[in-house]
Amino acid sequence: MADEREINALLHLLDDPDQEVFDTVADRLVHLGKDIIPSLESVWENTPNEAIQERIEWLIHRVHLQELLAAMKAWAGQPNDLLKGALLVDKYQYPDLAEEQILKSIEKLKRNIWLELNNYLTPVEQINVMNGMLYSYFGIKGIESTDKHYKQKNHFFIHQLVESRKGSSIIIGILYQYLCEKLDIPVRAVQIPQQYVLAYFEIEDAPWLYARTASPQSRIQFFIDPVQGQIYSHKDIETYLKRIDAVETDRYYEPLSNKQIIQKLIRELAKCYPQSEYPNRRYELYHLAALLDD
């Protein structure tokens, strides 16, 4: 952290009309990291100049973005928790998000589902329990994908899903998969084109995710639409693929990794920021998604 004299000198230059001077000051302030934010907020509160306030808001956003990029890179470089990845995406729009209450709500939901499960349930019965708890008891309502859908950024944030009970198919799917993972139910997202679809996989002697003794399609018992929990058969998916003129391939039935899921979430979120209105926001999100390239 810089000393107080340097910080004060930098803050006094925030209104410098020379763009090169401001760019130099901005780079230095951003380099100081999140510790500089209280000082920036104090200046914002004590200046009536809207232009300076806008500069400060932009600087604070840059600092938060820098922190987020570092956190996402760290998440991608280790065994990555799906829920943690989704919460990092939330922090793009809500950098000061407090996670504790969200985690408590999800843990409570997981515990309630666990109480309804037992070792004698069939796969379909397990999913019926999941659906009953998620859509009836917890009250989740899925939002269909339309152009209007992409005007609602909050439909892509997991803390908003927990609080409002409304969300897009991908954010509900992330919660659904995370809960299944914690409850030892082998459900994963697959790569069906133009849809976000979950699949219930066969459990094999070897870990099911890595088993390659059979075709990917044959390892799937059925599919789940996370918008409302509807179960689809293989025939349903085949009919859908024919309807959209998609040539069937094993790739559609491979489970997505957690990094691929979060990358897809970020790219979906980017669609909520029209290029004409938010060119920088789209660039920032695409940059964030690029950190997750395999």
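**Reading a hairpin in a predicted model**

Me: Which residue in β4 does Val 187 stand opposite?

Reply: Val 187 stands opposite Tyr 200 in β4. This is a predicted model, in which local features need pLDDT of at least 70, side-chain atom pairs count only at pLDDT 80 or more, and totals for chains, interfaces and linings use all residues. Residues are numbered from 1 along each chain as its sequence is written, and side-chain values use heavy atoms, with hydrogens and water left out.

Me: What is a strand, and how many strands and helices are there in the protein?

Reply: Strands (E, at least two residues) and helices (H or I, at least four) are DSSP runs, numbered from the N terminus. In the protein there are six strands and 12 helices.

Me: In what sense do β3 and β4 pair?

Reply: Two strands pair if DSSP finds at least two bridges between them. Here β3 and strand β4, which covers residues 197-201, pair in the antiparallel sense over four bridges. They form a hairpin with six residues between them, and Gln 194 in the turn has a positive phi of about 65°.

Me: Are the residues of β3 buried or exposed?

Reply: Buried means under 20% relative accessible area, exposed over 50%, and partly exposed in between, with a 1.4 Å probe and protein chains only. In strand β3 (residues 187-190), Val 187 and Ala 189 point one way while Arg 188 and Val 190 point the other way, and all are buried. Across the protein, buried residues make up 48% of the 294 residues.

Me: What box do the C-alpha atoms fill?

Reply: Taken along the principal axes, the C-alpha atoms of the protein fill a box of roughly 70 × 45 × 35 Å.
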